[in-house]
Amino acid sequence: MVELIRNLVTLFVAGWHVIVSLLVVLAPWTPLIAWVAFWLLAVNWVKLRGVIIQGGWVGVVLIGFMMIVVWGVVAPPDDGSHHLFGLNVSNFVGKTVYVTALLTIMFLCGSVQLSGACGTLAQFPEDSADDGHGHGHDSHGHDSHGHDSHGHDDHQHDGHGSAAHDVHVHHAGSH
C-alpha cells in the first residue's frame with residue numbers, strides 16, 4: 001500500500017512538471033494564440049466579409065500601416081535590424097513583415113471560419129431589436145423587414161422622419 005501511494009505521488013509530481021513545462025513552452029506564444037482565437041472564434045466573418053468587400057479593406061490597410069508605424073517607433077530591435085529568414089532587414093521592413101504575417105493569419109482564420117470548420121464554436125445568432133414589440137425599426141422610416149413606411153396614409157410622423165408607433169399596427173396583420 002505504501003508503494004502505491006508513493007507511485008501516485010510520483011505520478012502527480014511528474015504530471016505537474018509536464019504542465020509547467022508546457023506553460024513555459026507556450027507562454028511566449030500566448031499573444032499569437034490569443035490573436036488566432038479572437039479572429040477564429042470571436043469575429044463574425046460572414047458580416048465582416050461583407051464590410052470588407054464594400055470597401056472596408058481600405059480601413060484594414062490603414063490600420064495595418066499604423067500598426068507598422070507605431071510598433072516600429074515604440075519597439076525598435078535592440079541591434080537596429082531584424083533577422084528574418086537569414087536576412088538582416090531594417091526596423092520598419094521587419095515590422096512590415098510581422099504585420100503582414102498577422103493580417104495573413106487573421107484572414108486565414110476568417111477562411112477557416114467561413115468554411116465551417118469551426119462547427120458550433122463560431123456561431124453568431126442574428127441580433128433582434130429590443131423595441132418591446134419584436135420589430136426592429138430605424139430612424140429613417142424603414143422597418144426591419146425591408147418595408148418602407150413613407151407614403152402610407154395611416155402613419156403619423158413625429159417630425160423626425162419616422163413613423164414609430166403606427167408601423168407596428170401596419171405590420172401586425174402581416175405576420
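### A walk through the predicted model

Met1 counts as exposed because its relative accessibility is 76%, where exposed means over 50% relative accessible area, buried under 20% and partly exposed in between (1.4 Å probe, protein chains only). This is a predicted model, in which local features need pLDDT of at least 70, side-chain atom pairs count only at pLDDT 80 or more, and totals for chains, interfaces and linings use all residues. Residues are numbered from 1 along each chain as its sequence is written, and side-chain values use heavy atoms, with hydrogens and water left out.

Met1 sits in the segment before α1 (2–26); helices (H or I, at least four residues) and strands (E, at least two) are DSSP runs numbered from the N terminus. Together with Leu4, Ile5, Leu8, Val9, Leu11, Phe12 and Val13, Met1 forms a nonpolar surface patch with about 840 Å² of accessible area. Such a patch takes Val, Leu, Ile, Met, Phe, Trp or Tyr residues with over 30% relative accessible area and no salt bridge, their side chains joined within 5 Å; like charges would be joined within 9 Å. A salt bridge is a side-chain nitrogen of Lys or Arg within 4 Å of a carboxyl oxygen of Asp or Glu, and areas come from the Shrake-Rupley method with a 1.4 Å probe, only the protein chains shown counting as cover for residues.

The largest nonpolar core has 12 residues, among them Trp39, Trp45, Val99 and Met106. A core is a set of buried Ala, Val, Leu, Ile, Met, Phe, Trp, Tyr and Cys residues joined through side-chain atoms within 4.5 Å. Two or more residues come from each of α2, α3 and α4, and α4 gives the largest share, 4 residues.

| Residue | In contact with |
|---|---|
| Trp39 | Trp45, Leu48, Met106, Cys109 and Gln113 |
| Asn91 | Gly72, Ala75, Pro76, Pro77, Gly80 and His82 |

Asn91, in α4, is buried, with a relative accessible area of 11%. By contrast, Phe85 is exposed at 79%. Phe85 lies in the loop between β1 and β2 and has a positive phi of about 55° although it is not a glycine. Just after α4, Gly116 has a positive phi of about 90°.

Methods
Contact = heavy atoms within 4.5 Å. Lists of a residue's contacts leave out its neighbours within four places in sequence.
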